[in-house]
Amino acid sequence: MKRAERAKALFSEGYNCAQAVVLAFAADAGLDEETAKNFSRPLGGGMGRLRQTCGAVAGAACASGVLFPELTKAEAYALVQEIARRFREKNGSIKCGELLTGAGLKTDTAPNPEARTPEYYKKRPCPNLIYDAAEILEEICIERGRLQAEK
């Protein structure tokens, strides 16, 4: 299973968007699942449901930091900007609120997340956004020789 498919499946298991992306790369990054799950938890919903930077993009940024530990600060920032550029080209924005309103959804910022029901999953653009963010990170890792493509 590709990492992007794994990330999408993890969201369907109840993880938030950032956690899904980070967990899909945890083994590659040498992270145990508990650590990956915990440090990425606050980034869901556009960082704490503030609807700012998409959690999937934030998760890809965090995972990139662990996957490429040798990068200088400037190189790490450039990598995150590349992830964001590719994501924006594909989806029109990297902002959670804009991505949700573009799908016709409200951008509630209350700290309590919605219940994960079948209806919730049907209306959300998040599974596809998670897939895109993970796919972009995987492509960059393959391009840079960090990871092998999964079949």
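This is a predicted model: local features need pLDDT of at least 70, side-chain atom pairs count only at pLDDT 80 or more; totals for chains, interfaces and linings use all residues.
Me: Is Arg3 buried or exposed?
Reply: Arg3 belongs to helix α1, residues 3-12; helices (H or I, at least four residues) and strands (E, at least two) are DSSP runs, numbered from the N terminus. Buried means under 20% relative accessible area, exposed over 50%, and partly exposed in between, with a 1.4 Å probe and protein chains only. Since the relative accessibility of Arg3 is 4%, Arg3 counts as buried.

Me: How are α1 and α8 oriented relative to each other?
Reply: The axes of α1 and α8 lie 8 Å apart, and the helices pack at an angle of about 150 degrees. Axes are lines fitted to C-alpha atoms, for helices over the stretch in contact, and angles run from 0 to 180 degrees between N-to-C directions. Angles under 35 degrees count as roughly parallel, over 145 as roughly antiparallel, 65 to 115 as roughly perpendicular and the rest as oblique. The angle therefore makes α1 and α8 roughly antiparallel.

Me: Which residues of α1 make the contact with α8?
Reply: On the α8 side, the contact involves Cys126, Pro127, Asn128, Ile130, Tyr131, Ala134, Glu135 and Glu138. On the α1 side, the residues are Arg3, Ala4, Glu5, Ala7, Lys8 and Phe11.

Me: What is the orientation of α2 and α3 to each other?
Reply: The axes of α2 and helix α3 (residues 33-40) come within 9 Å and cross at roughly 155 degrees. The contact is formed by Ala18, Gln19, Val22, Leu23 and Ala26 of α2 with Glu33, Ala36, Lys37, Phe39 and Ser40 of α3. The two helices are therefore roughly antiparallel.

Me: Which residues touch the most other members of the largest nonpolar core?
Reply: A nonpolar core is a set of buried Ala, Val, Leu, Ile, Met, Phe, Trp, Tyr and Cys residues joined through side-chain atoms within 4.5 Å. The largest such core has 42 residues, and those touching the most other members are Phe25, Leu67, Phe87, Ile130 and Leu137. The elements giving two or more residues to this core are α1, α2 (17-29), α4 (55-67), α5 (73-91), α6 (96-102) and α8 (126-143).

Me: At what distance does the backbone oxygen of Ala61 lie from a polar atom of the side chain of Ser64?
Reply: Ser64 is placed in helix α4 and counts as buried at 4% relative accessibility. Beyond four places in sequence, Ser64 touches Leu79, Val80, Ile83 and Leu137. The distance from the Ala61 backbone oxygen to a polar side-chain atom of Ser64 is 2.6 Å.

Me: Which backbone nitrogen does the side chain of Asn16 reach at 2.8 Å?
Reply: Asn16 sits in the loop between α1 and α2 and is buried, with a relative accessible area of 14%. Its side chain reaches the backbone nitrogen of Ala18 at 3.0 Å. At 2.8 Å, the Asn16 side chain reaches the backbone nitrogen of Gln19.

Me: Is Met47 buried, exposed or partly exposed?
Reply: Met47 lies in the loop between α3 and α4, and its phi is near 70 degrees, a positive value in a residue other than glycine. Most residues other than glycine have a negative phi. At 46% relative accessibility, Met47 counts as partly exposed.

Me: What is the phi of Arg49?
Reply: Arg49 is located in the loop between α3 and α4. Arg49 counts as buried at 8% relative accessibility. Its phi is positive, in a residue other than glycine, and is near 60 degrees.

Note on methods: Residues are numbered from 1 along each chain as its sequence is written. Side-chain values use heavy atoms; hydrogens and water are left out. Contact means heavy atoms within 4.5 Å. A polar contact is a pair of N or O atoms within 3.5 Å; within protein, one must be able to donate a hydrogen and the other to accept it, and residues adjacent in sequence count only if both atoms are side-chain atoms.
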